[in-house]
Amino acid sequence: MSDEKTEYTISDLAKEFEITSRSIRHYEDEKLITPTRRGVHRIYSARDRVRLQLILRGKRLGFSLAEIKEIIDLYGVEGEQRQTERLLELINVRRESLKQQLKDIKYLLNEFDVLEEKLTSEHQAK
């Protein structure tokens, strides 16, 4: 018999993943996780725990909740191959977006340098 838990409370998951219960309820509202109910208590399965882990990983990578839901749901509908293909597509899009943001940031930093140098030399000339 395994020592690994198969059921979790909202407090268990909040503590483990260092997030708020409100965040977990939000993911539930978005249909990303689907706990069962025992009276007024939510009971999360090992599957919900894994999905929560994937949600948080996707968020860290900058994916929207809609994209995360799509990726997770693809596994059950179309299998791992289609899920992997779609994830690779989304990674590519995200990477290109980040590259553009990096270019924009470098441009802005240069603009700040130019403006700062101009303002400093004008101020010193007075």
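Residue Q83 belongs to helix α5, which spans residues 80-125. The model described here is predicted.

- Q83 has a relative accessible area of 16%, and because buried means under 20%, Q83 counts as buried.
- Leaving out residues up to four places away in sequence, Q83 touches I71, I72, L74 and Y75.
- Q83 and A66 are 17 residues apart along the chain, and their C-alpha atoms are separated by 14 Å.

**Packing of helices**

- Two packed helices are described by the angle between their axes and the distance between the axes.
- Helices α3 and α4 pack at an angle of about 135°, and their axes are 10 Å apart.
- The crossing of α3 and α4 is right-handed.
- On the α3 side of this pair, R51, L54, I55, G58 and K59 take part, and they meet L65, I68, I72 and D73 in α4.
- The axes of α1 and α3 cross at roughly 35° and come within 12 Å. This crossing of α1 and α3 is also described as right-handed.
- From α1, the residues L13, E16 and F17 meet R49, L52, Q53 and L56 in α3.

**The largest nonpolar core**

- In soluble globular proteins, nonpolar side chains tend to be buried together.
- The largest nonpolar core in this model has 20 residues, and those touching the most other members are L13, I24, Y27, Y44, L52 and I55.
- Helices α1 (10-17), α2 (21-29), α3 and α4 (65-78) each supply at least two residues of this core.
- Beyond its neighbours within four places in sequence, L52 is in contact with L13, F17, I19, I24, Y27 and I33.

- R49 is located in helix α3, which covers residues 46-60. The side chain of R49 makes a polar contact of 2.5 Å with the side chain of E16.
- When neighbours within four places in sequence are set aside, R49 is in contact with Y8, L13, E16 and F17.
- E28 has its place in helix α2. The side chain of E28 makes a polar contact of 2.6 Å with the side chain of R42.
- The relative accessibility of E28 is 15%, and E28 therefore counts as buried, given that the cut-off for buried is under 20%.
- Apart from its neighbours within four places in sequence, E28 is in contact with I33, P35, R37, R42 and Y44.

**Two loop residues with positive phi**

- Most residues other than glycine have a negative phi.
- E18 lies in the loop between α1 and α2. Its phi is near 55°, a positive value in a residue other than glycine.
- With a relative accessible area of 73%, E18 is exposed, because exposed means over 50%.
- K31 is found in the loop between α2 and β2, the latter covering residues 36-38. The phi of K31 is near 65°, again a positive value in a residue other than glycine.
- K31 has a relative accessible area of 55% and is therefore exposed.

Terms used
Residues numbered from 1 in each chain as written. Predicted model: local features only at pLDDT ≥ 70, side-chain atom pairs only at ≥ 80, totals over all residues. Heavy atoms only, no water. Helix = DSSP H or I, 4+ residues; strand = E, 2+ residues; numbered from the N terminus. Polar contact = N/O pair within 3.5 Å; in protein donor to acceptor, adjacent residues only side chain to side chain. Contact = heavy atoms within 4.5 Å. Core = buried A, V, L, I, M, F, W, Y, C linked by side-chain atoms within 4.5 Å. Buried < 20%, exposed > 50% of the residue type's maximum accessible area, 1.4 Å probe, protein only. Axes fitted to C-alpha atoms, helices over the stretch in contact; angles between N-to-C directions. Left-handed = near helix turned anticlockwise from the far one by under 90°.
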